[in-house]
Amino acid sequence: MTSQKTPIAPPKLGEPYLLTPGPLTTAYETKEAMLRDWGSWDGDFRAMTAEMRTRLLDMLGPGKEEFDCVPMQGSGTFAVEAMLGSLTARDSKILVLANGAYGQRSAKTLAYLGRDHVVLDKGDYLPPRGDEVAQILADDPAITHVVAIHCETSSGILNPVGEISDAVYAAGRKLLIDSMSAFGAIELRPSEVRFEALVSSANKCIEGVPGFGFVLARKSELEAAKGNCQSLSLDVHDQWAHMEKTGQWRFTPPTHAVAAFLTALRAHEAEGGVAGRGGRYTANRDTLVAGMRDIGLETLLQDRWLSPIIVTFFCPDDPKFSFDRFYDLMKAKNFIIYPGKLTIVDSFRVGCIGQMDEHVMRQVVEATRETLNEMGVTNAAPPEIAIKERAKLAA
Ligand SMILES: *Cc1c(COP(=O)(O)O)cnc(C)c1O
């Protein structure tokens, strides 16, 4: 159950709810924190950066002493690129575990960086499993690193990072995790799941505004990273070394976004940290999924693979259904949803993260029901091919 006793206040100023996995609906206090200016060099802002780094490290739990936090300007992808380019050597070979758009993006990033890599491509959503990873690593001793996506936001699947990590370290290789859409809501403790670094950003489960990402990496890896990166602005080692020495970011920091993030981090702690935040999102998902299934809509994934971050639903097979019209009618009811990313069947996605609770999710379900009625959709069931597709993934 949620630790939130009173319902979350709806967005002021009549804003729609963003049922999207970042940018997302933020608290009024988080937006309000941006109503002043900070000098990037000034001690007040340096203290804000220091508090932010400490709070992020604290979320790792036991073992956090071996890690440090390096914030990087830009959207999440910039931080992923910074991690990949800085924490692998130029002669590294990287195995990318892909089951969706973000895994593909990591592979593309490595191609841009000119890093040797191979991709285990599981298609739209099937999870990469530990035994497959073990086999690939056994067959290719040149592989030095593995990149895994924690929650693959393009389908909403929660990938099995525990078994992946076991396979990676049993083979003596290193794991880098894109935990962009999961960090802060799903526990990822180095004492339980070993990894060298993870990356996330301000506008996901911590519920800040967009503007920067951050890399949480072992200090040993940060130290060894000198000279790896061929990009100045994305060099994690250089940003880290500079920040350690001066308390400052190397180049203009997103001051207002950092101020908002600090407010969001304090609210995250007040909600009960990762467990509290994850509890609310789980209740959001459960309310959403139960309500949508009651309408006749079906999820892409069986329950054990559903993340509490975002859920993919198959579009109804009914010819009266069109996603564009569905989107517009939902928006007219103040809900912004997300198109799907599956290549084989039409789908849409609904995010469970941001300043929303199960009361809001019930409204989302009611808005969906009304919208389908308005469209004249009498049967929300997906086409046969969708069910066949889903059967590929064992529960
Ligand atoms: C959001 C996200 C990213 C980064 O996307 P940006 O649009 O660059 O912020 C990377 N990986 C995953 C899994 C994500 O959910």
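What takes up the space of the largest pocket?

Reply: The ligand does: the space it takes is the largest pocket. Before going on, keep in mind that this is a predicted model, where local features need pLDDT of at least 70, side-chain atom pairs count only at pLDDT 80 or more, and totals for chains, interfaces and linings use all residues. Residues are numbered from 1 along each chain as its sequence is written, and side-chain values use heavy atoms, with hydrogens and water left out.

A word on "pocket": on a 1 Å grid over the protein atoms alone, it is an open set of points with protein on both sides within 12 Å along at least five of seven lines. A molecule sits in one if more than half of its atoms lie within 2 Å of the grid points.

Now for the neighbours. Around the ligand you'll find Ser-75, Gly-76, Thr-77, Tyr-102, Arg-105, Ile-149, Cys-151, Thr-153, Asp-178, Met-180, Ser-181 and Lys-204. By type, the shell splits into 4 nonpolar, 5 polar and 3 charged residues. Two helices, α3 (76-87) and α4 (101-113), each bring at least two residues to the shell. Helices here are DSSP runs of H or I with at least four residues, strands are E runs with at least two, and both are numbered from the N terminus.

Ser-75 has a polar side-chain atom 2.5 Å from an oxygen atom of the ligand. Gly-76 uses its backbone instead, with a polar atom there 3.0 Å from a ligand oxygen. Thr-77 goes back to the side chain, where an N or O atom is 2.5 Å from an oxygen of the ligand. How much does the protein cover? On its own the ligand exposes 380 Å², and the protein buries 86% of that. Those areas come from the Shrake-Rupley method with a 1.4 Å probe.

The peptide bond from Gly-22 to Pro-23 is cis, with omega near -5°, and Pro-23 lies in the loop between β1 (17-18) and α1 (28-32). Glu-207 isn't a glycine, yet its phi is positive, near 65°. You'll find Glu-207 in the loop between β9 (197-201) and β10 (212-218). It counts as buried because its relative accessibility is 3%; buried means under 20%, exposed over 50%, and partly exposed in between, with a 1.4 Å probe and protein chains only. Asn-334 also has a positive phi without being a glycine, at about 85°. Asn-334 belongs to the loop between α11 (323-332) and β12 (335-336), and with 31% relative accessibility it is partly exposed.

Next, a couple of side-chain links. Asp-68, in strand β2 (residues 67-73), makes a polar contact of 3.3 Å with the side chain of Arg-53, also through its side chain. A polar contact is a pair of N or O atoms within 3.5 Å; within protein, one must be able to donate a hydrogen and the other to accept it, and residues adjacent in sequence count only if both atoms are side-chain atoms. Asp-68 is at 7% relative accessibility, so it counts as buried. Gln-302, in the loop between α10 and β11 (310-314), reaches the backbone oxygen of Leu-393 with its side chain at 2.6 Å.

Gln-302 and Arg-390 are 88 residues apart in sequence, with their C-alpha atoms 8.2 Å apart. Ala-275, in helix α10 (residues 273-295), is 89 residues from Ile-186, with 7.5 Å between the C-alpha atoms. Ala-275 is exposed, at 55% relative accessible area.

Note on methods: Near = heavy atom within 4 Å. 1 Å grid on protein atoms, 1.4 Å probe; cavity = no way out; pocket = protein on both sides within 12 Å on 5 of 7 lines; lining within 4 Å. Nonpolar A, V, L, I, M, F, W, Y, C, P; charged D, E, K, R; others polar.
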